[in-house]
Amino acid sequence: MALYIGLMSGTSADAIDVALVDFQKGGRIRLVAALEKKWSEEDRKAINALCTPGENEIHRAGMFGCRYAQAAAEGIRELLIRQKLTPEDITAIASHGQTVRHEPENGFSVQLGNHALLAALTGIDVTCDFRSMDLALGGQGAPLVPAFHQEICASPDTPRYIVNIGGISNVSVLIPGHNVSGFDTGPGNTMIDLLARKYLNQPSDFSGEHASRGTVSAEALEELLDEPYFKAKPPKSTGRELFNGDYLNRSSILQNLCPDDMLATVTELTAVTIVQGIDLFGEKGEIYVCGGGCHNSHLMERIAFHAGRSGHLKVAGIREIGVDPDYLEAMAFAWLGYKFINREKIDMTGITGSSEPEIMGALYPAPKSS
C-alpha cells in the first residue's frame, strides 16, 4: 500500500479538495477517502483579487500562500483523524496550489502555496510546482490531468472524452490507438458564478435553475463566440486572464438582458464551446463529465443537446464509469506526486506541446526531528 494525499483548489476558488489515494501493486488506483475544505468568503475574495494586477500584490500573495498552507494542513489533519492514520502512513502530499496567473505565452504559470510551511505543519513530504518543467520544455503547462484520465478512464474500443468543468473547462481526448491529447476548451463555471454573484446574490446558479428559465440570446452568443481562442488549434490553455467580467462586457447585447437570459446565454456558451472543442477530433464517442459543472443539470442538458446533434454516443456524469466526479482532479495530483516520487516521466507532448516526456514537480521534504 502506498498512500498519497492530493490537493486541488481550482479556478472557481470554492474549496481545497483533499483526496487520500492508494497506489496498489499491479497498477490499481483507489480513492480511499476525501473531503472538501471550503474557502471562506474572505479567502475567495483574496484569491480573486490576486488574479488581476493590484496594489501591494506581492505582500498579499505571500500572505495567501501561508493561508493556503494552513487551510490545507487543517484539511489533511481532519482526513487523517477520520481514517485513523498518522503522517508516517503517508508517502507524500501532492499539492496543486492556487492558480492566480496562467501566461504560457510568457513562459510562466503561478500557483500560490507556501509548501515548505505545509510540509512543516503536517510532517509529510510535499510535492508541488507540477507545471514549471512542462513550461520550460515549451509546453502550455495545462491541462495536466489527461494523462491520468488515460490511466483510469480509457476504453479499449470506444473513443472517450473526459470533460472537467471547473472555473475553466478542459477535455481529455482518449481515442483507442492514438496518443492521449487534451486542452482547455474555454469557459466553465467562472462566468456563470460571476453573474450569479452579481445579479442573484448567490455563489452560483447551482443546478442551472435560473439559466433554464431564461432565453438564449443568439446575437449575444455570437458576439461571445467571436473570440480567437475558440478558433486556435490545440495545444492551448487559458484561464481567468481571458474569460472574466471584461470578456462578458464585450457583448453590449448581453449587458441589456435580464439575469436569467444572461445566465442562459453564458451557460450555452460553455456547452457550445465544449462540444465544438471535442468535435475538432472528428471521432464520435462517449462524453463523461466531472468537476462542479456536472451538478448543473441545465448545463448537462445543453451539452447533451449539442453532442447529440454532432452524433456523439452519449453524455453522462463520470460516476457512470465508477469515478468520483468531485475528487478526480485531486486524485490526478496525487498521481502526479506518485510519479514524481518514483521519478517516472510523463509524456505530455501530445497534450501541452512540450518537447519531450518529463519528470514533473518539485519536493519540500518534511522536517525530521533528530
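As the model is predicted, local features need pLDDT of at least 70 and side-chain atom pairs count only at pLDDT 80 or more, while totals for chains, interfaces and linings use all residues. Residue numbers start from 1 along each chain as its sequence is written, and side-chain values use heavy atoms, with hydrogens and water left out.

**View 1. Strand β1 (residues 3-9) and its two partners.** Strands (E, at least two residues) and helices (H or I, at least four residues) are DSSP runs, numbered from the N terminus. Seven of the seven residues of β1 are buried, so the strand is largely enclosed by the rest of the structure; buried means under 20% relative accessible area, exposed over 50%, and partly exposed in between, with a 1.4 Å probe and protein chains only. In a regular strand, side chains alternate between the two faces of the sheet. Here Leu 3, Ile 5, Leu 7 and Ser 9 are buried on one side, and Tyr 4, Gly 6 and Met 8 on the other. Strands count as paired if DSSP finds at least two bridges between them. β1 pairs with β2 (residues 15-23) in the antiparallel sense over six bridges, with Leu 3 opposite Asp 22.

**View 2. Helix α5 (residues 146-153) and what it packs on.** Pro 146, Ala 147, Phe 148, His 149 and Cys 153 are buried. These buried residues pack against β3, β7, β8, β9 and α14, contact meaning heavy atoms within 4.5 Å.

**View 3. Where α12 (residues 259-279) meets α13 (residues 297-310).** The helices pack at about 35°, axes 9 Å apart; the axes are lines fitted to C-alpha atoms over the stretch in contact, and angles run from 0 to 180 degrees between N-to-C directions. Residues making the contact include Val 272 and Ile 274 of α12 and Leu 299 and Ile 303 of α13.

View 4. Lys 284 is partly exposed, at 37% relative accessibility. Leaving aside neighbours within four places in sequence, Lys 284 touches Pro 159, Asp 279, Ser 310, Gly 311 and His 312. A polar atom of its side chain lies 2.8 Å from the backbone oxygen of Ser 310. The C-alpha atom of Glu 74, 210 residues away along the chain, is 44 Å from that of Lys 284.

Notes. A polar contact is a pair of N or O atoms within 3.5 Å; within protein, one must be able to donate a hydrogen and the other to accept it, and residues adjacent in sequence count only if both atoms are side-chain atoms.
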